[in-house]
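Good morning, everyone, and thank you for making time for this. Today I would like to talk about salt bridges, so please keep the sequence and the structure in view while I speak.

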Amino acid sequence: MKITVVGTGYVGLVSGVCYAELGHSVICVDKDPLKIATLQNGDIPIYEPGLQELSVRNAELGRLSFTSSLDAAVKGADLIIIAVGTPPLPGGEANLAYIELAAKEIADAMEGNPVVAIKSTVPVGTNEKVRDLIRSRTECPFDSVSLPEFLREGSAVPDTMHPDRIVVGTDSPRAEALLRELHGGLGGAFVVKDIRSAEMIKYASNAFLATKIYFINEIANICEKVGADVTRVAEGMGYDKRIGSSFLKAGIGYGGSCFPKDTQALIQIAGHFDYEFKLLRSVVEVNQGQRFNIVRKLEAIFGDLEGRTIAVWGLAFKPETDDVREAPAQEIIGELLDRGVQVRAYDPIAMDNFRSHFGGGAGRVEWCSGALEAAAGADAVCLLTEWEEFVSIDLAELRAMLRQPVLIDGRNAFREQDLAGTDFVYYSVGRPGMTRGVKDPVPELSY
Ligand code: NAD
């Protein structure tokens with residue numbers, strides 16, 4: 001099969017590489033010439049475990065190529081996949097400008113009788129609008145498909161090669177057959193629905209997962225008050241098959257390029273039809289506040305933070321990715337800087353991305369080249385991303401670097417036995433039994 005993937009970001013690149021790995025002939029297109037040059041040189045512009053090896057291998061086998069010329073790449077393709085970004089507009093709605101531009105360019109270059117699939121996350125009705133847009137610009141016949149993507153950054157390659165399900169929204173038996181052939185060997189459920197339902201499956205799935213995280217964080221906040229331990233509560237809940245154990249990890253809340261934007265977009269989609277999605281509004285609001293527990297806990301320990309030095313461990317929104325979009329670290333560091341804190345920050349992979357996303361405040365942060373270096377002379381360490389490098393740190397070595405032995409664990413990464421024999425003041429999330437060294441209750445502060 002000849003496949004063209006438009007947009008070589010976290011989704012497009014992984015999809016393109018994996019389809020090539022399945023033996024298809026894939027051309028990946030991107031507007032960003034730097035990304036294309038990086039890919040043509042055998043490197044990849046993102047951090048994603050296992051991706052570079054597969055990319056190089058398939059390029060060498062002649063099954064995978066990269067170009068910034070959409071026109072040439074689209075001609076002769078059996079399947080054209082749109083995987084460009086749909087970032088949020090200021091009001092929360094998905095920005096469809098990249099989708100529309102890609103659709104126009106595809107329409108103007110298309111020939112034969114291809115299937116055009118949208119993998120990007122798009123509001124219900126977008127696939128139909130894009131189909132109309134393409135039809136308005138070309139006589140060329142084509143079938144259109146909603147093909148929402150469910151991969152997780154950090155495990156995107158195995159997620160793509162072994163999906164739980166492939167969701168296809170189409171009214172075309174030919175397109176369904178093509179996508180069934182493409183994904184046939186991968187396992188998982190092959191779910192064919194109407195286009196609008198397929199679009200909604202993506203938003204409903206992300207909203208539900210975000211709600212699970214929200215829910216366990218609310219439980220964690222109550223656990224802190226009543227003296228229960230949220231990790232034990234989550235474990236006990238998770239054995240119930242109706243609940244399941246995944247996405248029940250309390251912490252400083254979700255971030256990333258999907259959950260924040262997709263929850264906001266679904267609220268907007270419902271709002272367009274005069275429906276208020278009250279629960280999802282709470283999910284967004286509580287998740288936003290959850291990250292500031294880090295600051296509240298520091299203030300509970302130190303009072304005024306002015307003049308303190310705080311080490312921040314972890315800038316990516318989760319481990320095993322360099323993606324810092326909507327990472328809690330952005331706002332937490334912003335709050336600390338506003339309070340006159342000297343911030344010393346470190347992330348194993350996401351430093352460069354974070355610095356460029358952080359904009360004007362970047363000059364006020366000390367960027368460090370290691371976890372212990374960041375901790376040197378600090379009054380406290382705040383763990384925001386549970387990279388293995390932090391979780392497996394020698395706490396005695398860490399203690400020796402710090403001015404004061406204060407560890408704020410935003411991801412419940414450390415266990416009771418890790419801290420045994422140390423004199424750390426330790427705060428985590430929803431585990432009051434593990435809180436060490438501070439007698440005062442955490443005061444209520446509003447942000
Ligand atoms: P991204 O920002 O990493 O990549 C998008 C790419 O598209 C960029 O490289 C950009 O240069 C390119 N692009 C934009 N317009 C173009 C055009 N006209 N022609 C060629 N290239 C163009 O985005 P992403 O994280 O890969 O997400 C893409 C879509 O997939 C979004 O809708 C997102 O919500 C959805 N999604 C993302 C994930 C994830 O984990 N990142 C998971 C599932 C779904």
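Let me begin with a definition: a residue is called buried when its relative accessible area is under 20%, exposed when it is over 50%, and partly exposed in between, using a 1.4 Å probe and protein chains only. This is a predicted model, in which local features need pLDDT of at least 70 and side-chain atom pairs count only at pLDDT 80 or more, while totals for chains, interfaces and linings use all residues. Residues are numbered from 1 along each chain as its sequence is written, and side-chain values use heavy atoms, with hydrogens and water left out.

A salt bridge here is a side-chain nitrogen of Lys or Arg within 4 Å of a carboxyl oxygen of Asp or Glu, and searching the whole structure turns up 30 of them.

One of these joins the side chains of Arg-131 and Asp-171, at 3.5 Å from N to O. Arg-131 sits in helix H6 (residues 126-135), and Asp-171 in the loop between strand E7 (165-169) and helix H8 (173-183), 40 residues apart; helices (H or I, at least four residues) and strands (E, at least two) are DSSP runs, numbered from the N terminus.

Another salt bridge pairs Glu-105 with Lys-31, at 2.8 Å from N to O. Glu-105 is partly exposed, with a relative accessible area of 25%, and Lys-31 is exposed, at 58%.
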